[in-house]
Amino acid sequence: MFKSKFKKLVPEFLISFYHWLWALVGALVYGFPSSYIKIIGVTGTNGKSTVVTFTRKILEEAGFKVASVSSISFQLGDEKKQNDLKMTMPGRGQLHAFLKKAIKKDCDYAIIEVTSEGIKQHRHRFINFDAAVFTNLKPEHIEAHGSFENYKHAKGKLWKQLKEDGISIINLDDKHSDYFWNFPAGVKYGYTTRKLSKDNIIKAENIELENKFPQFTVDEVNFELPVSGKFNIYNALAAISIGKTQEVDLKTCSEALKKVQKISGRMEVVIEDPFKVVVDYAHTPDALQNVYKSLGGNLICVLGSCGGGRDRWKRSVLGEIADKNCEDIILTNEDPYDEDPRRIVEDIKEGIKNKEKVKVILDREQAIEEALKRADNSNTVVITGKGSEPWMCVSNGEKIPWDDREIVKEKVNNKDS
């Protein structure tokens with residue numbers, strides 16, 4: 001509480017300089033480590049962590065040693081640690097320290113999930129990116145940046161850190177693709193599911209969504225993904241594009257993606273019997289719509305709105321999406337921080353026309369338990385918003401240990417015993 005009040009009293013330019021200075025100190029202390037390892041930055045609204053995971057697997061399949069930073073984990077070769085910072089990009093020199101460790105571990109590549117908040121706080125500074133990847137752009141963090149245009153421009157600053165001969169990889173099916181495509185780069189690649197007349201195109205064809213997992217071809221090479229949802233085809237195309245620019249052949253890319261067992265908290269099937277329970281990180285309207293659409297009908301949905309005090313505009317929109325897609329809706333707590341959780345839930349509820357399908361249970365554990373009680377073998381229980389996050393952030397800076405997946409398993413096991 002004191003920290004947030006203090007920030008309001010300090011001029012914005014001083015806060016910005018403070019973050020810039022930390023980035024410079026980190027680079028100086030650790031010897032500008034990005035000069036000694038290939039750096040790939042992945043930005044966009046949705047799909048970043050999945051692209052990081054897919055890319056790491058492709059490069060490892062090709063024989064490279066890879067480090068990666070994402071909202072899910074920090075990985076140095078075979079060493080993996082859950083990201084428990086409640087921030088995707090580490091600050092205060094930690095990112096440079098990570099890159100230094102990657103060099104000492106003889107990693108060939110470091111893949112970094114780059115967020116708009118991280119860019120706003122200069123965490124990307126003094127890092128020379130060999131490649132920059134754009135996944136998609138949807139309304140998000142509007143209040144933090146002041147407008148959607150500011151949010152878009154924050155994302156674009158990644159390309160200003162791109163080396164002169166660097167590689168730019170763009171989702172050409174996103175309506176904002178031209179903005180990112182027009183940044184200068186040594187080489188430009190685009191990925192798409194459409195017929196486009198551009199050079200260096202990675203195109204998915206023969207898309208098949210009827211089976212459990214999406215299938216498609218790129219230049220007649222077959223791909224089958226380990227996670228459901230058409231949107232994951234785009235995440236795969238981004239990773240395949242990176243592989244292509246690093247001279248990894250398509251067959252190696254295909255074999256690599258088959259070996260991805262699961263992505264923590266991203267369309268993660270926690271149990272399949274007696275009914276399916278899926279946990280996903282979706283916390284934007286577009287991501288939530290994609291999750292619900294991918295899972296089909298008869299959904300029992302546990303829903304909150306992350307980030308108390310932020311992005312109030314999207315709460316009723318999330319409620320509206322749930323209203324259109326869910327058989328039952330249980331509204332619950334997520335990460336209220338210092339905001340009253342009841343107010344957050346009421347804001348979501350405003351978007352739901354059919355109030356009869358809604359139940360409010362602020363205790364998230366009890367909300368999950370209620371969803372499981374309601375389900376039978378015709379239903380899918382989908383719990384969104386937190387994914388694999390290990391904390392719930394409540395008032396006065398307190399963080400409560402948390403894992404939606406473990407709670408599901410505990411409740412199901414207790415029910416069966």
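Predicted model: local features only at pLDDT ≥ 70, side-chain atom pairs only at ≥ 80, totals over all residues.
Let's start on the surface. Which residues form the nonpolar patch? They are Phe17, Tyr18, Leu21, Trp22, Val25, Val29 and Tyr30. Together they have about 610 Å² of accessible area. Look at Tyr30 for a moment. Tyr30 sits in the loop between helix H2 (12-29) and strand S1 (38-43). Its relative accessibility is 31%, so Tyr30 counts as partly exposed. The cut-off for buried is under 20%, and exposed starts over 50%.

Next, helix H3, residues 48-61. Now its surroundings. Of the 14 residues of H3, 11 are buried, so the helix is largely enclosed by the rest of the structure. The buried set includes Val51, Val52, Phe54, Ile58 and Leu59. Lys48 and Arg56 are also among the buried residues of H3. After H3 comes Gly63, with a positive phi near 100°.

On to the cysteines. How many disulfides does a search of the whole structure find? The search finds 1. That disulfide joins Cys301 to Cys326, with 2.1 Å from S to S. The two cysteines are 25 residues apart, so to speak in distant parts of the chain. Cys301 is in strand S15 (residues 299-303). Cys326 is in the loop between helix H12 (313-325) and strand S16 (328-331). The link of Cys301 and Cys326 is left-handed, with -90° about the S-S bond. Both ends are covered. Cys301 is buried at a relative accessible area of 0%, and Cys326 counts as buried at 4%.

What about Cys107 and Cys253? A disulfide needs the sulfurs within 2.5 Å. Cys107 is buried at 8% relative accessible area. Cys253 counts as buried too, at 0%.

Last topic, the aromatic rings. The structure holds 11 aromatic pairs. I'll show two. One is Phe148 with Tyr151, a tilted pair at 6.1 Å centre to centre and 55° between the planes. Both residues lie in helix H7 (residues 148-156). They are 3 residues apart, about one turn of the helix. In general, an α-helix has 3.6 residues a turn, so residues three or four places apart point the same way. Tyr151 counts as buried, at 1% relative accessibility.

The other pair is Trp159 with Phe183. Is it stacked or edge-to-face? This pair is stacked, with centres 6.1 Å apart and 20° between the planes. Trp159 lies in the loop between H7 and strand S7 (162-171). Phe183 lies in the loop between helix H8 (177-181) and strand S8 (187-192). So the pair ties together parts that are 24 residues apart in sequence. Trp159 counts as buried at 4% relative accessibility, and Phe183 is buried at 13%. Both belong to one aromatic cluster, together with Phe134, Tyr179 and Phe180.

Note on methods. Residues numbered from 1 in each chain as written. Heavy atoms only, no water. Patch = residues over 30% accessible without salt bridge, like charges linked within 9 Å, V, L, I, M, F, W, Y side chains within 5 Å. Areas by Shrake-Rupley, 256 points an atom, 1.4 Å probe, with all protein chains shown as cover. Salt bridge = Lys/Arg side-chain N within 4 Å of Asp/Glu carboxyl O. Helix = DSSP H or I, 4+ residues; strand = E, 2+ residues; numbered from the N terminus. Buried < 20%, exposed > 50% of the residue type's maximum accessible area, 1.4 Å probe, protein only. Phe/Tyr/Trp six-rings, centres within 6.5 Å; stacked < 30°, edge-to-face > 60°.
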